[in-house]
Amino acid sequence: MKFRPFVFEDIDAVADLVRKMWYCESPDGGPIDEELAMLLAKIDFAHYLPPASRIEVAIDESDGSILGVTSARIEGCKPIFSDSSSIDSYVQDCISKAESMENGRKALDLQSVDFADTERFILENTKEIRTELQLFLVSEKSRGTGIGSQLFERFLKACGDNAASDSLVSGDSASACASSACASSAGARFFLFTDSTCNWQWYQRRGLVRIAQKMSSDPKIDLGADKFIYADIYVDKPV
């Protein structure tokens with residue numbers, strides 16, 4: 001196994017990890033068309049890309065497959081993709097294909113509402129924390145192998161290293177970066193969003209603290225999942 005920066009050509013492979021994690025069934029609990037599920041997963045992952053300043057993937061050297069990924073948005077750091085036109089085109093192509101499918105428009109609308117609800121929840125509860133671990137995902141076959149822990153530790157080290165050097169990433173680099181914002185007035189270097197469909201207990205075992213929660217109220221808005229925000233151990237206002 002090796003770690004390397006994400007490149008745009010990885011987008012479909014990472015989206016497939018997203019599909020297997022979150023798009024295995026329709027919002028009503030029934031089966032979902034696999035082609036539609038993949039399109040939704042592509043849109044889902046792509047929405048992390050424009051603000052991301054650090055994305056790293058773990059690679060199986062035997063076959064080149066992606067075993068896990070971390071994506072981070074760090075205050076003061078330039079986005080990896082200074083030109084988002086390729087991302088925009090990619091998303092629009094996925095939307096057009098989904099709209100042409102049965103139940104595609106409905107699925108897109110539900111996804112859009114959930115995105116907006118999640119964004120409001122994050123903005124309301126993280127105003128003083130500038131660094132976000134946007135996505136942390138490990139393939140099913142890799143869970144329990146330590147790959148997730150390595151990815152997470154590498155993210156933490158990248159934040160620490162770059163906070164110390166106060167360096168900035170160039171627009172065409174996927175290297176880690178951070179700024180003095182890694183130590184915010186809220187007492188947290190970073191936060192992450194997760195929900196009840198994920199192994200949120202893992203973050204608690206790592207010492208992160210839940211600073212906000214939003215319990216599911218309407219599947220048409222939150223897709224039936226409880227939503228949580230965790231921050232690192234320096235936060236002093238647990239729920």
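Predicted model: local features only at pLDDT ≥ 70, side-chain atom pairs only at ≥ 80, totals over all residues.
**Exercise 1. Which residues of β7 lie on one side and which on the other, and are they buried or exposed?**

Residues are numbered from 1 along each chain as its sequence is written, and side-chain values use heavy atoms, with hydrogens and water left out.

Solution. 
- Step 1. Buried is under 20% relative accessible area, exposed is over 50%, and partly exposed is in between (1.4 Å probe, protein chains only). Helices (H or I, at least four residues) and strands (E, at least two) are DSSP runs, numbered from the N terminus.
- Step 2. Recall the rule. In a regular strand, side chains alternate between the two faces of the sheet.
- Step 3. Sort the residues. K227, I229 and A231 lie on one side of β7, F228 and Y230 on the other, and all are buried.
- Step 4. Conclude. Five of the five residues of β7 (residues 227-231) are buried, so the strand is largely enclosed by the rest of the structure.

**Exercise 2. Find the strands that pair with β7.**

Solution. 
- Step 1. Apply the criterion: two strands pair if DSSP finds at least two bridges between them.
- Step 2. Take β5 (residues 191-195). It is antiparallel to β7, with five bridges. D195 stands opposite K227.
- Step 3. Take β6 (residues 209-214). Five bridges join β6 to β7, again antiparallel. Here Q213 has F228 as its bridge partner.
- Step 4. The charged end of R210 sits over its ring, 3.9 Å from the centre. R210 also sits over the ring of W200, at 4.8 Å. The test is NZ of Lys or CZ of Arg within 6 Å of the ring centre and within 35 degrees of the ring normal.

**Exercise 3. Check the length of α2, then describe its surroundings.**

Solution. 
- Step 1. Expected span is 1.5 Å times one less than the number of residues. The 13 residues of α2 (residues 34-46) should span 18 Å, and the end C-alpha atoms are 18 Å apart, which agrees.
- Step 2. Inspect the start. A side-chain oxygen of D33 comes within 2.9 Å of the backbone nitrogen of E35.
- Step 3. Count burial. Eleven of the 13 residues are buried, among them L36, M38, K42 and D44.
- Step 4. List the neighbours, with contact meaning heavy atoms within 4.5 Å. The buried residues of α2 pack against α1 (11-22), α3 (85-99), α4 (104-125) and β4 (132-138).
- Step 5. Turn to α1. Its buried residues include I11, V14 and R19. Their cover includes α2, β2 (54-59) and β3 (66-73).

**Exercise 4. Classify the ring pair F136 and W202.**

Solution. 
- Step 1. Rings of Phe, Tyr and Trp (its six-membered ring) pair if their centres lie within 6.5 Å; planes under 30 degrees apart are stacked, over 60 edge-to-face, the rest tilted.
- Step 2. The structure holds 15 aromatic pairs. F136 and W202 form a tilted one, 5.4 Å centre to centre with 55° between the planes.
- Step 3. The pair links distant parts of the chain: F136 is in β4 and W202 in α6 (residues 201-205), 66 residues apart.
- Step 4. F136 and W202 are both buried.

Notes
Polar contact = N/O pair within 3.5 Å; in protein donor to acceptor, adjacent residues only side chain to side chain.
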